[in-house]
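Reader: Got the model open. Can we walk through a pocket and a helix?

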Amino acid sequence: VAHPTSGTISSASFHPQQFQYTLDNNVLTLEQRKFYEENGFLVIKNLVPDADIQRFRNEFEKICRKEVKPLGLTIMRDVTISKSEYAPSEKMITKVQDFQEDKELFRYCTLPEILKYVECFTGPNIMAMHTMLINKPPDSGKKTSRHPLHQDLHYFPFRPSDLIVCAWTAMEHINRNNGCLVVLPGTHKGSLKPHDYPKWEGGVNKMFHGIQDYEENKARVHLVMEKGDTVFFHPLLIHGSGQNKTQGFRKAISCHFASADCHYIDVKGTSQENIEKEVVGIAHKFFGAENSVDLKDIWMFRARLVKGERTNL
């Protein structure tokens, strides 16, 4: 069920009353629940059909060629790629975020195969909160295709964290050579750590914040995945990805889901205040948002109900 390729994985014995990070369900086996409880992630093999992945790839290519222009979409380039370097194509774009207004890509967030597992972590009322299609480029030699170790909760102004989960699906074979995910098992049991830009000589991509005080010798697991494999992980799990040492573009599609019973928090005065200032600044620059906009307003705009009933979010 889980197929890590390096590092030490713990699968401790749990009594059902001890479960904290998974809800009672008839989808996960007892061993799967134990694994997620102890490690904070779970890989489900061959979950998303090839036909769906090809449709997502086709839509991404249309976005790159500017044949479709979904509202609210955020397009990102690697810090080493200039706007004039390539003609409109996948080589220009390293990530698209907030594709909730693109009907084709947003289908990923509504796939029954995905939602039946998501419900094991969030419960029946499910909101799609953050969407991404990642197109990790060949590294330029400056190692900027890396993603620093981080916790996704750093970006989220809603709680509780145990009712949030990410679904991340490989769109092709992904290994250490083209920059697979690396996770630090068990770190979801800790707290949210301060994040900031790492001091990398080659530069760092916009909003690629990383944690500042992780244990460098802590065991890491590299997730080798095949097309359609999907990893579900907790928003406090420390993870990142290595550089892409190939000449191809490594693709994955993902969505962060949360229970509609979650509630928003004010991040002012917390370690998340730096990301709020950055996100609000970008919103003001690109979308003309007023200065009164905060992180909560931006996430409310992104959120979409995909199953059940909307409550607090």
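Reader: Which strands each supply at least two residues of the lining of the second largest pocket?
Author: β5 (147-150) and β10 (210-211). Strands here are DSSP E runs of at least two residues, helices H or I runs of at least four, numbered from the N terminus. This is a predicted model: local features need pLDDT of at least 70, side-chain atom pairs count only at pLDDT 80 or more, and totals for chains, interfaces and linings use all residues. Residues are numbered from 1 along each chain as its sequence is written, and side-chain values use heavy atoms, with hydrogens and water left out.

Reader: Which strand gives the most to that lining?
Author: β5, with three residues.

Reader: What classes of residue make up the lining of the second largest pocket?
Author: Eight nonpolar, eight polar and five charged. Nonpolar covers Ala, Val, Leu, Ile, Met, Phe, Trp, Tyr, Cys and Pro; charged is Asp, Glu, Lys and Arg; the others, Gly among them, are polar.

Reader: New topic. How many residues are in helix α2?
Author: α2 (residues 50-64) has 15. From first C-alpha to last, α2 reaches 21 Å, close to the 21 Å expected at 1.5 Å a residue. That expected span is 1.5 Å times one less than the number of residues.

Reader: Which residues of α2 are buried?
Author: Asp-52, Ile-53, Phe-56, Arg-57, Glu-59, Phe-60, Ile-63 and Cys-64. Buried means under 20% relative accessible area (1.4 Å probe, protein chains only).

Reader: Why are they on the same side of α2?
Author: Because they cover an arc of only 165° around the axis. The arc uses directions from the helix axis to the C-beta atoms.

Reader: What follows α2?
Author: Lys-66, with a positive phi near 65°.

How values were computed
Buried means under 20% relative accessible area, exposed over 50%, partly exposed in between (1.4 Å probe, protein chains only).
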